[in-house]
Amino acid sequence: MFEANQLSLAIWLPIVGAIAVLATGNDQRAGLARIVALLVSIVTFLVTIPLYTAFNKTSGDLQFIEHMPWISALDINYSLGIDGIALLLILLTSFITIIVVISAWQVIQEKVAQYMAAFLIMEGLMIGVFSATDAILFYVFWEAMLIPMFLIIGIWGGPNRIYATIKFFLYTLLGSLLMLVALVYLYFKSNGSFALADLYTVKLTLTEQLWLFMAFFLAFAVKIPMFPVHTWLPDAHVEAPTGGSVVLAAIMLKMGAYGFIRFNLPITPDASHTLSGFIIVLSLIAIVYIAMVALAQTDMKKLIAYSSISHMGFVTLGLFVFNKMAFEGAVIQMISHGFISGAMFLCVGVLYDRMHTRKMSDYGGVANTMPKFAAFMMLFAMANAGLPGTSGFVGEFLVILGVFQVNAWYAIIAGTTLILGAAYTLWMYKRVIFGAVSNDNVKALKDINSREGFFLLVLTLTVLLMGLWPAPFLDTIHSSVDRVLALSAVTKL
Amino acid sequence: MNNIFADIQLAIPEIFVFSMACVILLVDRFTHERMPKASFLLTQATLLIALYLNLAGAPASGTMKAFNDMFILDGMATLVKSMIFILTFVVLIYSHDYISERKMYRGEYFVIILIAVVGMMVMVSASHFITIYIGLELLSLSLYTLVAMNRNSDLATEAAMKYFVLGALASGMLLYGMSIIYGATGSLDIESIRNAIQGMQSDDVMLMLGLVFIIVGIGFKLGVVPFHMWIPDIYQGAPTSVVLFIGTAPKIAAFAFVMRLLVDGFQALAVSWSEMLTIFAILSMGMGNIVAIAQTNLKRMLAYSTISHMGYFMLGILSANPNGYSASLFYVIIYSFTTMAAFGLIIMMSRAGFEAEEISDYKGLNKRHPWFAFMVALVMFSMAGIPPTVGFFAKLSVIQALVDVDKYWLAVVAVLFAVIGAYYYLRVVKTLYFDKPETSEPISANIGMQFVLTVNVFALLLIMPWIGVIMDICSEAISKMG
């Protein structure tokens, strides 16, 4: 029973747990809500661990398959299954959720139960997205995620939160609804099936594929976000509470890329090849232009948000050059960026909780009052810039290497990010951390407490582990990447 | 000539409800002072017994006709009637406290509602222009009276007046159309009309003229753009308990009304009416969703939202195939239950002398009463069609019906307007969760009603695993149509 329904357990446990957290009631029992939330998130993480240990790494096929009829009239099924790529993303999700719960421990004092519950529900839905193998089930999880995120930004966010959260919601809704129309079209094309496996084999003309590709592209490009539909992200990030930013950057952005892997590449392979140049150009623009935009920011969160867009450009670049090494690099970059961007937002959160400002000009000389914090942030800044030995290096290096085999110019342009990325990250670091103590507020800063130290240390270890010994991650995805590439190489005409 | 008793047997639920309406009218004279609840309880019992009679008398297969083919009983009629009873039953539970606080708790209120129910039943089971018209008028006249029930309110009186004048105009249009069709085909019986049309040219001017007038009549009754003017005023002006009724059961009855007229009668002209309905649908989705953005009154906003939902509802019908009809039926059932929850919540938030109908009345509800806030939010998300609420599946079903008949561009238009629509529903959620409360007055509501409402709202979410069953029921009902 337990063995057979492991994925369902990972999806529904946090959601049921969230109801338990809500049941603790108002803020008088906030402590209880925090403890229950932490327990639920830890248990969920423990539930997802056996997925990794029992996973057969030599097979690229879907594993842990579950299947139950749901809506017979439209042949929609509750079917789940994961490959290596989904597995890593699920582990990332359950890991980051624990960090988010711990990071909110003291910071969130209002409506604690609702805050924790929203993140737990998000966790369940995100795991659902990564494990759904029925298009409508995928869509339901995908869209349902908008609701908790909308509330997280809107309730606990910054001053301009309402504008940001409505923009976030409508932007993503527009993209997703067009995807829905595309899915329904495919449903009739495949003689009435929403199962992804059936959609992979249905024959489509190039025109059809181009339309479908564009519909999927809009949904996923908004989520990643790719240039030029990225404008919601800086707003959402700046206004979101720290936990919201972490989940947004670490996991939700990956869903767009995951969508490309699950939908665009296998369902519209010919269109993917035809339009790969278009995607590559957009990716390169994101990598270079957005990195330059990041240089011009004065707000730390905005800078990291732009840096996320730039890094996600690497992912889309890696996916659309159809080279195994670049593809694997893209997947590793997704995971690694999850850790690093999460860590960077947590660092900004640590500073923001003390100073209530994100402007770099309000800081300066933080290293003098917060030496431990400065050390942690140094490491994450380096990882963000892609320093060898950190996880940021592995993904970017593999992508550049893979792209180089396809087209040297692409690789060279993409490579400039190593300079630009280092420039904006380190410049920010210098302005915030180094120098003389700039004002009395900075002088009064207290260094990180043990709770903050704990989650920064855990993330540090992960980033270093992935940077120094990426084999466990790469081994998991080898066969799955082969399978996706094989599917995207078969013509459907 | 059939045996008259066999005929009567088919119409037992109608006869029962109508007799009970007369009985309650009499009984209320005597119990009014001493046992004011008697009429309410009798009405509820009537609805439950009628539900039972209706299900017990359902034809096992095929269709049954009675009264010289003026009356028809088939799978769709049984399903739609059952829904009408259930919706009316719950509506009356929600209305109970509201009407007694506003001195409308009188026998007439229940009697008129029962007569409206009879009107809907006749309309649903009509297979003849005359029966359709009688049913429709019975319903409409009852509704005009209900809107004007609160005699002291200027707004309500104005709304009732508008409703009456426009409704009469629409009935006139419908009758005029019917008379032209009678001239063209020589019959008022729907089946004979269908047969007669099959033998005629599909661009026959007489037929077209008649069809246009009938469609205009339908458009008025459904309240689709450009015949929607009465809806916002009624929704805003009428007592909330009456809007609750108007917004739910009659919408489902209207589905049957459209099916009997257009699909049963004019199937051969499907190409023509499908085009006309397409225009209505696009205009309704556009107008409804865009104008709703500008509203500050929640009831008025929901009125425009109704207009847009009627546009979505038509998407299934204009696909002109059984898949589309069952999608529309599914849509309108989901929509009715969602609307019922929405107005139920407005009623619950209202107190004697205070109508919680401005959106700003809901500011910071999450701080005052998180449970209610969550319910309102859930209803709004369901109306916007965001998964995992049932509203999403309603939208999915009509969109798949459109794609099925290759109307891709219409599906895309529907989707784009859904995004615009999401904005004003989100704004309500924003008011609930992100704004600061202006009063800290506690909200009190009758426990029984809270319970029913909670079940109603959570059904919008928790019905998910069984949503397929409802879809199956709908398509089965359509396949059993005459």
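Two residues are in contact if their C-beta atoms, placed from the backbone, lie within 7 Å. The views below show a predicted model.

**View 1. The interface between chain B and chain A.** In this predicted model, 25 residues of chain B are in contact with 28 residues of chain A. Three helices of chain B, namely H18 (390-404), H19 (408-433) and H21 (467-479), each supply at least two residues of the side that touches chain A. Of the elements on that side of chain B, H19(B) gives the most, with 11 residues. By residue class, the side of chain B that touches chain A divides into 19 nonpolar, three polar and three charged residues.

**View 2. Chain A as a whole.** Chain A has 22 helices and two strands. Its radius of gyration is 21 Å, close to the 23 Å that the globule rule gives for 493 residues, so chain A is as compact as a globular protein of that length. Taken along the principal axes, the C-alpha atoms of chain A fill a box of roughly 70 × 55 × 40 Å. Of the 493 residues of chain A, 61% count as buried. Among the contacts in chain A between residues at least 6 apart in sequence, 81% join residues that are at least 24 apart.

**View 3. The hairpin of strands E1 and E2 in chain A.** Strand E1 (residues 63-71) and strand E2 (residues 76-82) of chain A pair in the antiparallel sense, over six bridges. One of the residues to look for is A:Glu66, whose bridge partner in E2(A) is A:Leu80. The hairpin of E1(A) and E2(A) has four residues between the strands, and A:Asp75 in this hairpin takes a positive phi near 50 degrees.

View 4. A:Arg358 lies in the loop between helix H15 (324-355) and helix H16 (366-369) of chain A. A residue is buried if 20 or more other C-beta atoms lie within 10 Å of its own. A:Arg358 has 21 other C-beta atoms within 10 Å, and therefore counts as buried. Leaving aside neighbours within four places in sequence, A:Arg358 is in contact with A:Asp299, A:Met300, A:Lys301, A:Val348 and A:Tyr352. A:Lys301 is 57 residues from A:Arg358 along the chain, while the C-alpha atoms of A:Arg358 and A:Lys301 are separated by 6.8 Å.

How values were computed:
Residues numbered from 1 in each chain as written. Chains lettered and ligands numbered in written order. Predicted model: local features only at pLDDT ≥ 70, side-chain atom pairs only at ≥ 80, totals over all residues. Nonpolar A, V, L, I, M, F, W, Y, C, P; charged D, E, K, R; others polar. Pairing = 2+ DSSP bridges. Rg over C-alpha atoms; globule rule 2.2 N^0.38 Å. Buried ≥ 20, exposed ≤ 12 C-beta atoms within 10 Å, placed from the backbone.
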